[in-house]
Structure formats: structure tokens, C-alpha cells
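Subject: Structure handover

Hello,

Here is the structure for you to look through. My notes come after it.

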Amino acid sequence: MMKRILMMCLAASVGFAVLQSCEDRLDLTPEDERLTADSAFDDPDSYEQFLAKIYAGISLSGQEGPAGQPDLAGLDEGFSNYLRLYWKMQELTTDEAIIGWNDGTIQDLHGQVWTSGNEFIRTMYSRLLYQVALTNEFLRQTTDAKLSERGVEPELRDEIQVFRAEARFMRALTYWHAMDLFANPPFVTEDDPIGAFLPPQIARADLFEWIEGEALGVEGKPGFIEDMAPAGAHVYGRADQGAAWMLMAKLYLNAEVYTGTMTQSSFTPGPARYADALTYVNNVINAGYSVNTNIPYSHSFLADNDSNGAQSEVIFTIPFDGLRTQAFGGMTFLTHAPVGGSMNNVATSFFGINGGWFGVRTTPTFVDKFPGDVDNGNSPDGRALIWVDGQEKDINTVGTFTDGYGIFKYRNVDVNGNQGSDTTGDHTDIDFPMFRLADAYLMYAEIAARGAGADAGTAANYINILRQRAYGDTSGNISASDIDLDFIIDERARELYWEGHRRTDLIRFNQFSENSVWQWKGGVQPGNATQVFRNIMPIPETDLSLNTNLEQNPGY
Amino acid sequence: MKTVFSALMLCILLVPAALLGQSTVKGTVTDQANEMPLPGVNVLIKGTTTGTSTDFDGNYTLNNVNNGDVIVFSYLGFVSQEIVFEGQSTLNVAMREDAAQLEEIVLIGYGATTKQDATGAVEKVGAEEFNKGAIVAPQQLIAGKAAGVNVTAPSGAAGDGGSIRIRGGASLSATNDPLIVIDGLPIDQRGGSQGSRNALNAINPEDIEDFVVLKDASATAIYGSRASNGVVLITTKKGSANQPLKLEYGLQVSTRRVANTLNVLTADEYRSFADDPRFDTSTLGDASTDWQDEVFTTGIGAIHNLTVSKGYENTNFRVNFNYASQEGPLQDLYERVAFNTSFVQRALDDDLKLTLVAKLIQDSFDYVNEGAIGQAARFDPTQPVRNPDGSFRQYSDFADNAPLAPANPLWQLDRNNWNSDQTVQRVISNFNLDYKFWFLKDLRFVLNAGIDYAENKGSRFDRGNPNNPDAVITPETSRGLNRNTNLDFYFNYKSDVESINTVVDITAGHAFQEFYIESYVNRGGNSPLEDTDINRNALESYFARASFDIDNRFLISGIWRADGSSRFGDGNRWGYFPGVSVGWKIMNESWMEDSAFSNLKLRGGWGVTGQQEIGPNYGFLGVYTPSRNAAANIQFGFDPAGNPVFIPTLRPEGFDENLKWEETTQYNLALDVGFFNNRLTASVDAYYRETDDLLSFVPVPAGANLTDLLFTNVGSVTSRGIEFAVNGVIFEEENFNWNANFNITFQDYEVTNLSLSNDPDFTVPTGGISGGVGNQIQILKPGFDPTTFFVFRQVYDPQGNPIEGAYVDVNGDNQITEEDRQAYKKANPDAFFGFTNNLNYKAFDLNFTFRGAIGNYVYNNNASDTGNFNSIFNQPGYQANAHADILNTGFEGQELFSDYYVQNADFVRLDNISLGYTVPMENVGLRVSLTATNLFVITDFDGLDPELGGGIQNNFYPRTRDIVLGINLTF
């Protein structure tokens, strides 16, 4: 009997002990390198690393290079990269590029026949708003109150003020992309919570005003520009006032588009802001950036474009590295995807990569913008990095890589032809020049051509700097009288093709949807003009059905 | 009771001789199935208390028998036999196991009931009903055996197991695997070990006594938050009390060959396209190689089982040693070495029973590069396997600059070029204490302490594509640890309260279980990575059950469980899961006495169960993830020496503070009938199930969270079905027995809502396919089955051939856009069935099981991806073979979304046929058997195999056809 009572006691105490110990054991937090929000900021380096994530938002696709732990899950990780998607939106939709792959609805981009169900448009939209949410979180985590609460040292706090300005710039940059592509995106700031709420939609003109206010300051809130590092003197890869001025210049240059009114069949421009654009273009031009006419145009797009001299004109760059900054989007895509056909035979020796992806080519419309015998690879303009060997000029079949000339602008070799740091040839060292001085020169010339305050003679000088680099001598120089809007839009194509500007430029010149054709536009071989509402991308169907605050853009 | 019985026996033995004119009869009682003696069989003269029982050797002596007396032989689990005594001096009896035994004990989770008192949808499949063959995966034992339980056949890969779906599963994004409980220890639903192809392989099939499948919520609710997909209770063999030493040895030797291969162009068919101007004939070889034939060989397997068991009065043990090896046709290898032990100790006049089960398992997988399956279908069939110099023929030998070309599949299978192995060492152990209180024998205390601990270690080596001169070797080592600890206890009170003529059975208890998973990986190559992931989650639970059997006519049972999960935040941490079921034993009504029925019972139940197996452990908590490797850094400036400075990034993760349980409500209504003394029994179960707050990976409103897709509670699905099972003894003669089981399940699923906004038009694409990146062929759409295909409607020419690119303009807008894609057919079957027959003739036995499904469709991705000219000509730098469907369609390019590729895949498969012979021998039991699995499939589907869980056929490791020779020896 004694034994039994002992047994009972034992069982009872075991039971009691179990009940006691369980309750707390349900409060579990990560035990590996993941951190809770509270513990993440114990490390003073975490602020810079979080800022790095915001910059990496453009170049990388997740937390593991080149793929793994993706930021976005709605599309293949390599396809969901910011730069890759932005490039596709800006280039595949135009005469500069066409892609032969049959990944989902990718060919609808060039055809301008996309619907609100297009997954590339959807993921671009997700990526933009993700980047905004990321920045909002950074701003929430770095308020004075939070920093005081965590007892952050004064020197670090000063540094964090610059971080915050850069984060706000990066958010403004992304909202500019969102405004440019989707016109009326959802709008969230650091004042909103995280969670399943429905963000309100902001009208394009209001977003324009908000970006302007963020940069320059509105009552009670200083603008981010003043807190940023001086132009041209900042840490490579990070944004400074030069980048911010460039953003402002682009905002004002496109003001008529951004503040205008779109309907299904017509577009009414808003007021022009060229004078404001000129102010910021001049700020940039006078900030000390320079185009070295002794360095060939092609060097700006090589593996060593951070150090071969061409970097002197770069205002804002997205750095990549073959070993340390790996992603299947970004420059890996921009270098591999255009290689195919006979280019593939020199994939390693000429392109510095292990093989082409047989995807992107260009249209005859673009090729014809260059003078000389381009069909035989002879153009006096050194910017015509056009591959004709084994390629047909006309695109009869979208899926056939050899239909349409190739472009060999981005190559993962240095000026001496040596392959980049990744010897396997997967990933590249080329840094993407998001803003460079040539763009500012062309913007200046455009303002002159629009008769909006810039000096035509100065404009010609600027253009001739670019053309001397392009031609290697003065043979391509122009005079002030040559500068008109038709020249500007074509010269922008020649100078800035495949750098993510074309769609915005064509819309500003009203040649994106109406008033222009190129092969396979409209989904037919000879090309068809499309309706003006295509100047704005549709709000993705998925978000429309989720977020009842959103209204679809006209025409979709 | 036992003492009363003993006293009775004593009386019988002491009283005898006084009476005259009586005889004595002797004999041996054996088990008809294996001719082994049966100890402990009751032998009784009908209508008297005169009787005895058999000894250890099955012998009995019964005195005082009169001519004309009826002698009754009875034994639990066997059909009782009645024999009229006509003066025989020896009367040997062979007893037959009773498949439809209603008194059979059935586990129901934290307790047991009998089949006739069960009110939920509970199905038991015992060892005698198991599928035969060289089975390494336990779930294959019950494939086709139980209504509502769909166990898919495994692929041909060594050690593969196939999936278990009970009533189809209840979730979309969370797991659809049932909870598996082994000897009282709930196993981690993620498998319990890493690196294994089928974590359930840790259980030796030979070691399993029975499976009990809890299907409806009124039964599963006792497992609360993990029970939505049903529960499978596995009991392993334990040996029994007072059992003579028994030594068993079993050997199964098998050969495995793929049953079917992909239909690709032969070398001659491929050559026939050489006239095409696009065809680069310079690369054409003069060999004719069937690459699939080259890669698939015959796999050999062997399973040894050595078992020793013995029972004493108070203790019994069973020790099993198992060695199994199974080779896949690609020469991949699975090996298991397992040591399974069980000890039972009874003490305190049988009031205390201690059971210890301990299994030590080593599972080893030697994987091969299964990419070779896809490459074999693509490699130029005109090329020889090897170059004249003996090296493997590669595209780089005959095509310039084709770094993305397929590798020679035999080169890939060479372990010098690709290898991967994983060894899992695992202990699964449970200690059970079952104690009856001395002051109240009806009250028991039961305690389970269990651990499932696994360590795995592996390596991987990949030389990269041989056609790419820049390819780098990617080596990888990995190791992991899984630990699942469980402690539960409960009190059970069961008593026949005569005053109210009711049997009361009440259980209440507590459980705590913790899961800890650690994974380490160290990968070299071009993007080195070294990382350790740690995940811990825990569940705390309270549970109770009360069952009443009123007047042996009415059954009422109620279940309640509360679960707290570490995966949810404070406010949503606890979930409550009730269940109620009722039964009416109509058979026991007085007015049923003379009916034709031998059993008639009506059952009904309702219950709520949960789901919390969602993958992420901290989904309700905002966490930050640093860069996982140095390849995910970005440049911030240069150091003073001019070198770039790279810094890691820190990412805040998306989260949903309000994450909560997924809840499934299920209704079950059933009828059990029996005729001819239960020689013929049948059950019909109808169920309706609704899952709400589905844990789904769905889009969030852009900008509102730190991700685009989030695990959150969204949407609902319903499913309904009817399960019908019939068991019958068709023949029951002295030398010939035949019984059969047929079960069929009709099911219907529907997504009823999907989005945060309850938008009926909101759809989610699913079912990724190859051919372009990110293409998906299925759709989740309210009103449709979750495996519904989403396709264009193909237009055909008058000859019935598909016209490339011509689709039905469904919305009539004169263009073919996304809007014209339609929901069409589905991968889930309308019905699936199993049909098992067991025949015995003298010493021969024959078992076979058919399994099949109706109304299921498969998308032939192999054909849609490569059954076109583009896949031959338009490849980056090379030409490759095409799917032979190109001969039917002549398609130039991929028409991935054509409904042409969605094909009916109804099938009937002879899963298993086994012929055995029990060699009549003294003292030794010897049975030899010959088994064939997957002998044939009857189907109209012209692809590889009609049975593909997800409904998409794409480079699937083909199923094998196995021939198995088995020998079982018992001493």
C-alpha cells in the first residue's frame, strides 16, 4: 500500500511540475541569426545594415545570394528583382527591346497588350510598394524617440540622420517610379501601421506634390535634400544631393504628364514646370561631374565601370559584384539575357559570361536611329553597340532569338577584356548607372528645345561633349539649330538606350502608345499604335480585389 | 473476474469423476492462418460451466463430455466454433481469425473503445489485412484498404513512401498530411527527421500491429489543433503474456524495374526531321540510343526481419532486428538498419502496467541525380553513350558553345560527378504507465513520456554542367537535429453504473509537446553559404472525453480539447476544439431480435478541429533576417586601399500579428450493418467538412506589409463525401476460404472563399509547370475544386488535330487573352476505391488488391513543354530531343495552356498480388510467398502514370514493378 501511495505522489508531482513549466514555454522567439525587432537594434551596425537593405532593394532579390530567402514570393525570385522589373517596364514596352521568352505573359509587355492580370506588372507593383514599406519601417525604427529609448550614442545618431534622409530619398525615388508607371498607387508612410489594413490610393498629382514636399520640405518637416551628403562627395553606391537633384529635375521635366488627366481615350497635360527642372539640372551640371571624352562610350558599361574613368559622370549608381552582390535580376539579367545566336560563341571571351540566355534583342526602329551602315556593323556613332552577325534585322517571330539585332552594351569584362570577378561567368561586376551626367545634359538640351529657359548654344556644347565621346572626334558634332524635340528624343535613345529611360521619355514626347509604331507593338508583326491609356500601367487585379480603396486606372 | 474464473476452474477439476457415462476428449487448437498452436483458447461445453483452456502448446483436455454435448471453442479475435461431441477421443480444431470482430479493441487517442461502441468514423486495419510485398514505407501497408484514406503509390525512387490523404486533407497552403501517432507519441507533422525521402520509413512495416485511422472530427477532436487532416494511430507489436519463446525470421528479396518511361522520339523519328531547314544536321550522330533504357536498370532489394518474443506471467518482450535495402532503378539506394524493442511489465496484481517501446533506426539514403530523368528525355538520341575514347559523350563534343545543353544522363548518374547522401539516426521511444487505483479499480491513471530524436548528416557534390567549361564544383555538407518530446497524462474512469444502466467512460488529461529543429548547411562553390537555422515550437493541451453507453443501445460521446501553440500571439494562442457524437445500436433493440441483421448501428458526429502546421514558427512576430551569405551584400564605398567595402543587409520580415488557428468543422453520419452473423458487414459514412480561416499564403494589400504574400487566415474550403465499405466472407469451407473487402469513396471539394475581401472573383494561380519561368496551370477559384486546371480551350481541325495557337474566344472579344482561360477539370478524383481479396486453399493463400480512381485528370507537362519543334531547334546553342507528342500535334512552339494536355486519368491498378504457401512442418512454421506489385494499370491516360498527386506530370521518377520472393520462418 505504501508503494502505491508513493507512486501516486510521484505521479501527482510530475503532473504538477509539467503544468507549471509549460506556460512560459509557449513564448518562443528565434534562436538562430534571426532577431526580434527589439533585439535587432542592440547592435549599432544594424542601422547601416537596414539602410543597406533599402539600397539592396534595387539590386538584390533576397537575403541569400544569388537566390534564396526572397523578398517577394509572388514570382520566381530572379524575375522579381527591382532593377530587372523596372528595366522590363521601361524598355520591353518600347522600340528599344523585345524579349523572346515565353515566361507567362512576358511578351505582352512589348506588344502593349497587357492586362491587369500581368504578373510582371503585378510584381513590379509589389516590389515598389515593398520598397516603400521597407523604408517606412526604417523610418519608424529610427525616430528620435526610438533612438533615445535605445540609448544610441550621439555620433551614431548624427549618422542616422543622414541615413534617414537617404531612406526618404530612396522612398521618393520609388514613389516616382510608382507614379510614373501606375499613376495612382496605394500610399503608405511611416505613420501607417504594419499589418492587414487597406492603404488609401493617392492621386498622381497629389503624389507629385508629396514627393516635392518630401524633398524640399513642407511646413514643420524639413526636406530630405538638406540632410543628404553633398553632391559627388558621398560614399560610392549611396545617394547624395546630386541624386536627389536629378530626381527633382526628372519630376519637374515630366510634370505635365504627372499632373495631367488621363481618360480611356485622351490625355490632358498638366502645367509645365520646365523652369524648376532647369534649376535642378543646372545644380547637377555644376556639381563637378564630368564626361571624359577620351574614354569610349562603351567603357561606361563594363565590369570595371566603377574605376575605369567612366565613373566620373555617374550621379547615382546601383553597384553589383560578381561575388558579393549576386542576383539573377539586375546586371546578371542585363548581361546574359541579350546574348544568344553567334554572340553566344563569344559569351566568355567578349561578354565575360558563361553563356547567353537568348532573350532580348532590339527592333529595326531603334537600329535606324543610328547613322551609317549599321547593317554591317559600321556606324560612325560609337554608341551603336549593335550585333548584326547571324541576326536578322526584322523580327518575324518573337520567339526566335536571331530575329532582331542584338545589343552588346553590357559586358562583364574590363577595359582590357578580362572577365569580372566571378570566374564561373554567372554574375557580373557591372554597376548600373541609374543617373549620369549625360542624362542631365540631354535634359538641359530638351528644356532648351522646348524654349523653356535653357540656352541653345550651351545645350549644343553639352550634346557635343556626348557626341565627341561617341564618335571619338568632332565629326558628329551638331549646332544649336539642330536641336529640336525630334532630335532630342532620338538622341536620348542613342545615348541612354537600355538604361531604363525609354518608356518615360516616349510618354513625355507623346510617342509611347499613340503616334508611333514598331514591330510587334500592338501584338502584330508590322506594329500598331495603341491607345493612350497604355501610358499608365494597370493597377494589378489582385490588389484591386484586395484593397477596396483602389480604383483601376482608365482603360483597364 | 479472473479469480472467479479460476475458482470455477478449480471446482471443475475437483468435482469430476463422481459422475458416470462421461468421456474425456483431447486435442490441439491451432491458428488456421499459420498452423501455430493457440494458447488460452476457452473450451466449454455449451450451456454448462464445464470447460478448460488450452495450454502453451495449444493442447487441451476436457473431461466429462457426454455424447451430443456441444463443445464451444472461443478465443478473442477468432470466430468461435461449435462442435457436437460424438465420442471422439481426439478433437483438433483450427480456428480462423475474425475480420469482422465487433469486440475488437480500437484505439481512439488517449484511450480505446470497441468497434461496436465506436461512434466516430474510425477504421482499423490490422496486420492480416496489410498489403504484401517488399514494403519499406509503412503507409503502403494500408493503400487501398480503408475507405476515405487515399495512399498514393510511391515513385520508383529508393525509399519513397507516397502520401496519405484522409478525406482529401482540409487545407490549401498548410499541410494536408494527417497526424501520425506511434504508440502514443504524436510525430512531428513535418516528418520528424531531415534528409529523408520519407520520414515515416523510421517505422519498420513488419513491426506494425495495426493502423487505426480516425477520420471524422468527432473522433479526431481529441487531437485538437493537429487533427484536421485526420489522425493515424500506429501500434507496434508487443508480444503477449504467457507466450512461449517465439523466434521469427522473414526475408523478402525483390527486383524493381520501372513500369513505364516517357514517350520521347526515337533516334529514327528524330532523324526524320533532318529535312527541316532549321535542323543542323552537322551535329547528327549515327547511333540510336534509348537514353531512358540506358539510365533505368533493375534495382535489387532485400528485407530481413529477425524477431524474438516471449511472454511470462508478468512481463513480456519483443525484440526485432530489421535490415532493409532498396535500390531504385537509377541505382539510388535506401538502407534501413533498425532495432525495435518493446517491454511490458505488469505489477501490483496487474493494476500497474508499464510499457516501454524503443526503436533505434538508421536510415541511409544514397541519392542520385534525378535530373538524369529529364536529361534522358532530352539528350540527342542519335548520339552514342560514350565517345570512342571511352569518355561520356557530351554536347560539348559535337556542338559549339552550348553551356546550357543537357548533360549526358549516364555521366550525371556517375557518383564522381554528382552524389548526395544522408544518414538519419533516430530514436523513437515511448514509456507508458497505466495504473488502476487500488481503492477504485475503475479509475486509471495513464502517463506517456515519449521522445523522437533524430540526427542527420549528409553531403552533396555537384560538378556542374559538363558542357560549361566555366562550371564550378559545388560541394555541400549538411547536418540536422530534430527533437520531439512529449509528456501527457490522463485519468480515465470507466464503470458500469447499473442503477442507470449505463457504462460511463470519462477521460481528462494534459499534454505538452515541444519540437526543436536545427539545420546546418555549408555549401561551397560560387555562392558559398554557411548557415544554421533553429526552429522551436511547442504545444500545450488539455483534453477531456466523456462517453456513455446507455442500456447498451444508445451511445453518446463528447470530446473537448484546448491547445496552446507557440506559433500564435497572445490573443490567439489558445484554440478550443469540441466534438460530439452519438450512436444507436439498433441491433440491441428488442424488436430487432428476429431480424435478418446481425448488426445495425446508426452513428452521427460533429466536431471542430484545427490546423497550425504552417511552416513559419514566428509568423505573428516581426523578425529581422540578416544576409545569409556573403553573396547577398552590397557595396558602400571603398576602403582607404581602394577596395570596395561590402556590408550585409538586415531585412524586417512581414508578419501577421493576428495569425490564428485554421478551423475545420466536420459532420459525419454513418450506418453500420452486418448480416449472417456478421459474415457480411458494411458501413456507409457521409461527411461534410468546412475549413474556415484557412492558413493560406496569399497576397496582402500592397504597401500594408513587409512582403507581397503572407501566411494569414483567409478563405474557406468545403468538402463532402460518401465512404462505403463492405467486407464479406464469400466462402468458408474447411479447405477453402475467401473473403473480400471493397471500399469506395466519393468526394467533392470546393473552394468557397479565398480573399481578405471576400471577392468571389478573386483567384490564385497554382500548380507551377516547366516551360518558361513562373507559369502555372491550376487555379484556386471560389466554386471550384482546388486542383482545377486553368486553360485555353483548344480548337481542332476537322481531322481532330489541334490547331496551334487556336483557342476558343470564350468572351467573344475577338482576341485571345488571359480572359479566355477557363477553369477546366481537376486533378482530384471524384471517387477512389480499393478492392482486396484474400483466398486460402489448404496451405495456399492468395491475396490481391486493386486500387483505382475515377474523375481525375493529369496535365501532361512533358508533352506540353517539349512536344514541339522549338524544343528541338530553338535551344541555346544545341538541338535536343522532343516528346513524341510532336508527331500528333506538329506544334512549332509551346502551347502550355492548351486543354489538349489535360487528360483523363481514370485508372485501375493491380497494386499488389501475393501467392503464399505454408509448408506443413512440425514445430516450425514456414511460409513462402511470391508477390508482384504494380503489375498492371488500366487507363486511357497516355502519359507516364495516371496517379500523380498534384495532377502535373513532369519528370516524375517512374513507378516500379516489383517482384518479391518472401520466406517466413517461425520457431
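Below are the findings, by topic.

**Ground rules**

This is a predicted model: local features need pLDDT of at least 70, side-chain atom pairs count only at pLDDT 80 or more, and totals for chains, interfaces and linings use all residues. Residues are numbered from 1 along each chain as its sequence is written, while chains are lettered from A and ligands numbered from 1 in the order in which they are written.

**Confidence**

The model has an ipTM of 0.93 and a pTM of 0.86. Chain B has an average pLDDT of 89, and 96% of the residues reach at least 70. (pLDDT is the predictor's confidence in each residue, from 0 to 100.) Residues 1-20 of chain B fall below 50, and this stretch makes six contacts in the model beyond near neighbours in sequence. Where pLDDT is low, the predicted coordinates should not be read in detail.

**Where the chains meet**

On chain B, 90 residues are in contact with 99 residues of chain A. Contact means that the C-beta atoms, placed from the backbone, lie within 7 Å. Strand β26 (residues 529-550) of chain B gives the most to the side of chain B that touches chain A: eight residues. Helices (H or I, at least four residues) and strands (E, at least two) are DSSP runs, numbered from the N terminus. By class, that side of chain B has 43 nonpolar, 32 polar and 15 charged residues. Here Ala, Val, Leu, Ile, Met, Phe, Trp, Tyr, Cys and Pro count as nonpolar; Asp, Glu, Lys and Arg as charged; the others, Gly among them, as polar.

β1 (residues 35-36) of chain A and β30 (residues 623-626) of chain B are antiparallel, with two bridges. Pairing needs at least two DSSP bridges between the strands. A:Thr36 has B:Val623 as its bridge partner in β30(B).

**A sheet in chain B**

Three strands of chain B form an open sheet with mixed pairing, in the order β49-β48-β52. The edge strands are β49 (902-904) and β52 (952-953) of chain B, each pairing on one side only. β48 (residues 857-860) of chain B runs parallel to β52(B), joined by two bridges. B:Asn860 stands opposite B:Gln953 in β52(B).

The largest nonpolar core has 329 residues, and A:Ala244, A:Ala249 and A:Tyr444 touch the most other members. Helix α8 (residues 154-182) of chain A gives the most to this core, with 14 residues. A nonpolar core is a set of buried Ala, Val, Leu, Ile, Met, Phe, Trp, Tyr and Cys residues joined through C-beta atoms within 7 Å. Buried means 20 or more other C-beta atoms within 10 Å of the residue's own; exposed means 12 or fewer; partly exposed lies in between, with C-beta atoms placed from the backbone.

What does A:Tyr444 touch, not counting residues up to four places away in sequence? The list is A:Val281, A:Ile285, A:Ala454, A:Ala459 and A:Tyr462.

A:Tyr444 is among the buried residues of α16(A). Twelve of the 13 residues of this helix are buried. Its cover includes α11 (241-253), α13 (274-285), β7 (314-318), β11 (432-436), α17 (456-471) and α18 (485-496) of chain A. Expected span is 1.5 Å times one less than the number of residues. A:Gly451 follows α16(A), with a positive phi near 65°.

Helix α3 (residues 46-59) of chain A has 14 residues and reaches 19 Å from its first C-alpha to its last, close to the 20 Å expected. Twelve of its 14 residues are buried, so α3(A) is largely enclosed by the rest of the structure. Among them are A:Phe50, A:Leu51 and A:Lys53.

Is B:Asn456 buried or exposed? B:Asn456 has 21 C-beta neighbours inside 10 Å, so it counts as buried. B:Asn456 lies in strand β23 (residues 440-462) of chain B. Its C-alpha is 9.1 Å from that of B:Ser519, 63 residues away in sequence.

B:Lys26 sits in strand β1 (residues 23-31) of chain B. B:Lys26 counts as partly exposed because it has 14 C-beta neighbours inside 10 Å. Leaving aside neighbours within four places in sequence, B:Lys26 is in contact with B:Tyr60, B:Thr61, B:Ser89 and B:Thr90.

Best wishes

Terms used
Contact = placed C-beta atoms within 7 Å.
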